[in-house]
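Dear colleague,

Please find below the structure that I am handing over to you. My notes on it follow directly after.

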Amino acid sequence: MRELNLDRLRTLVTIADLGSFAEAARVLHLAAPTVSLHMADLEAQVGAPLLLRKRGEVRATGVGEALVERARRLLADADDTLAMVQRQVQGLAGSVRLGASTGAIAHLLPQALEVLGQQHPDIDVQVAVLTSHDTMARLAGGTLDVGLVALPQPPVPGVQVEPWRRDPVMAFVPAQWPAPTRATPHWLAGQPLILNDEGTSLSRLTGEWFALAGEQPRARIELNYNDAIKSLVAAGYGATLLPQEAAVATPPDLRIRMLALRPALWRPLGLAHRAGAMEKATQHVLDVLWQQRQA
């Protein structure tokens, strides 16, 4: 059986409501023969009369009433679906998939999401905890819309990356340790260290910082979860190197002291998205993130 045509169902409902073919044609802006053709086609498809004409009045048959009732729901669903899609096209609603590290999610995203919620409350941002490598791969694969990634990134076809902000990398050390005013590679290399997993952008960045000073320290433990690393520092287990992502250089715990590095080290971040045309909801998210940019 052929699928029901929404235009023909709308014609049926309008005739049933107005009780007239002529009035239905006027309301629907259709020629009278077109209305008759719609009904003839629909009745042929159903295999039964749907309307009865009696004394200048048109009424639905029993089958027609059943179809009219279902048709109202179908037409309402179709109208709601179209309105929903149009809201997404206009950027008034939609879903945006964003990938970022745990640190960025904890310290950089909340303010942006708050502003987005105020400006575009019907845009849903779905956040995934990902490494920069995984973020780039998912952007290329079309399963992610926006990413916050460490720089630099090797070129990936179809993905555009722009510098977004940079944050100073700090030494996080147990507060009870005797420590210099600024942490150098030589001093830190002599301490128990808690570092990011090998293969992460931060691990590469800090490894190069140590190597330039001729140091290649071994970590006591490697993790890729910054809050867990900070908890271990607070417990006195070791020192670490992490970006200062909060706006103010305040230790996350009174048992932790934050030391600037000598020489200074910066962790640059980029804003990544698929190249080419994008949905307006995605553009709104990018606009808000650009507003949160920090030099």
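A nonpolar surface patch is formed by Leu 4, Leu 6 and Leu 74, which together have about 220 Å² of accessible area. Patches join residues with over 30% relative accessible area and no salt bridge, like charges within 9 Å and nonpolar side chains (Val, Leu, Ile, Met, Phe, Trp, Tyr) within 5 Å; a salt bridge is a side-chain nitrogen of Lys or Arg within 4 Å of a carboxyl oxygen of Asp or Glu. Accessible areas follow the Shrake-Rupley method with a 1.4 Å probe, and for residues only the protein chains shown count as cover.

The model is predicted: local features need pLDDT of at least 70 and side-chain atom pairs pLDDT 80 or more, while totals for chains, interfaces and linings use all residues. Residues are numbered from 1 along each chain as its sequence is written, and side-chain values use heavy atoms, without hydrogens and water.

Leu 74 belongs to helix 4 (residues 62–89); helices (H or I, at least four residues) and strands (E, at least two) are DSSP runs numbered from the N terminus. Leu 74 counts as partly exposed because its relative accessibility is 40%, where buried means under 20%, exposed over 50% and partly exposed in between.

Two cis peptide bonds, each with omega near 0°, deserve mention: Leu 151 to Pro 152 and Arg 262 to Pro 263. Pro 152 sits in the loop between strand 5 (146–150) and strand 6 (159–174), and Pro 263 in the loop between strand 11 (256–261) and strand 12 (266–274).

Finally, His 29 is not a glycine, yet has a positive phi of about 60°. His 29 lies in the loop between helix 2 (21–28) and helix 3 (32–46) and is exposed, at 72% relative accessible area.

Yours sincerely

Terms used. Buried means under 20% relative accessible area, exposed over 50%, partly exposed in between (1.4 Å probe, protein chains only).
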